[in-house]
Amino acid sequence: NAVYRAGVLGHRPGVPTDADALERRARRVMSREAWAYVAGGAGSGATMQHNREAFARHRVVPRVLHGVVERDLGTTLLGVRHRSPLLVAPVGAADLVRPDADVLIAEGADAAGVGYVFSNQGGSPMERTATAMGSTPFWYQLYWSSDKDLVDSLIGRAEACGAGALVVTLDTTVLGWRPQDLDLGSLPFARGLGLAQYTSDPRFTALVRERLAGTPGAAARTPVTLGALRSLWSISRHHPGRLLDNLRSAEPRAAVQAFLDVYSNPGLSWDHLATLRDRTTLPVLLKGVLHPDDARRALDLGVDGLVVSNHGGRQVDRAVASLDALVAIRAAVGPQPTLLLDSGIRTGTDVLVGLALGADACLVGRPHLYGLALAGADGVRQVLENLLAELELTMALTGAPDLAAVTPELLAP
Ligand code: FNR
């Protein structure tokens, strides 16, 4: 309401309120590499398009004379009260957009009262980002490393710094085919960006030391690729401070190599996850589930919820839209399990549609990065507040006083 009133009274917002305008404006201030990395998708880009088309297929049916004056956006997720059903999705190597990105995103999210899922490939150690979150809930996203001790170490740190849940991302056991990044030569994390969770970790540092000491096995397996070296050179030229910060605990080449060795786990299977529930006291969500059978099997493991996501269209080209997958999964698992949705959410009305179709909350991955590019923490705050303001207005115009009233009834059959 305050956002809307300010606009009506002639206050021009610092970042565009329209999603496409926001993206266009941000592109102008972002480097070529940052733009390719953030805006790019898998293959032809069809999945990103499917995500948007899926939202566009649904029609909201406004209602009149319902007398709804106040709207409550609050919701309980995994037993914790959140001020809204919106979260900031985990984004790795966001330092490519602006140095200190994770901390700035945390400050913006906290100012908007929006929860934030820290990326395993964050640009700052999770403990530092956690401090910037104030009292706003945050979760920790994990890639299931091929090094079991590293998994345990990262989980232990997430528990210790106050994360409210663990989000294990399953759809990135190998990185998708991303032409925009490939054509520019390399991916940011191979440039030393997005390694901070690792280089600040005792287990990872031990792995790097082993490598430097020439311990047989780990060191010899992966040759340093030309791309990785070129990238290191490029990052030391463009972001010298970042490189030192990210790699200060370890010799850069060995750190990047150790990272390339352990970050992904192409052999990840249901068997690995069998022990997951016993490894942490935190609620666990699995992210990147799109098939109803996978959803059922995942819930059978005893996890606390799922994030229905196609990774913002960055992993598989021509993939099913997340919103369509949500509908199928909700039908398969029934009303109880916690389901979150991301991929393609650009407006407050998209959030309303996602909730109406069965999501308990929604995440945004790219829009807040555009706010970050344009105006730092304050840009993040504005983007998030705009999404919430539009959601609230749409609830007002559909007669929904709270999220319990956001049901399929609000949509045309
Ligand atoms: C991501 N995403 C992601 N997911 C994850 O689990 N861990 C990660 O480190 C990253 N990194 C990442 C970087 C960038 C630049 C983007 C854009 C995305 C995926 C992210 O969490 C989310 O699923 C999508 O971004 C949601 O789609 P939209 O909102 O970007 O369309």
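I call a residue buried if 20 or more other C-beta atoms lie within 10 Å of its own, exposed if 12 or fewer do, and partly exposed in between, with C-beta atoms placed from the backbone. Helices (H or I, at least four residues) and strands (E, at least two) are DSSP runs, numbered from the N terminus.

**Ground rules.** This is a predicted model, so I kept in mind that local features need pLDDT of at least 70 and side-chain atom pairs pLDDT 80 or more, while totals for chains, interfaces and linings use all residues. Residues are numbered from 1 along each chain as its sequence is written.

**Helix α14.** I looked up residues 252-262 and found 8 of the 11 buried, so α14 is largely enclosed by the rest of the structure. The buried ones are P252, A254, A255, V256, Q257, A258, F259 and V262.

**Helix α18.** This one runs over residues 322-333, and its 12 residues reach 16 Å from first C-alpha to last, close to the expected 16 Å. (The expected span is 1.5 Å times one less than the number of residues.) I noted S322, L323, A325, L326, I329 and R330 as its buried residues. Seen down the axis, they fall within an arc of 150°, so they line one face of α18. That arc is taken from the directions from the helix axis to the C-beta atoms.

What covers that buried set? Among the elements covering the buried residues of α18 are α4 (46-56), α17 (292-300), β8 (305-308), β9 (338-341) and α19 (348-356). Just past the helix, G334 has a positive phi of about 85°.

**H50.** I found H50 in helix α4. H50 is buried, with 20 other C-beta atoms within 10 Å. From H50 to D100 I count 50 residues in sequence and 32 Å in space, C-alpha to C-alpha.

**Two domains.** The chain splits into domain 1 (2-175 + 265-410) and domain 2 (197-262), with bounds from an automatic or database domain assignment. Their C-alpha centres are 30 Å apart.

Conventions
Two residues are in contact if their C-beta atoms, placed from the backbone, lie within 7 Å.
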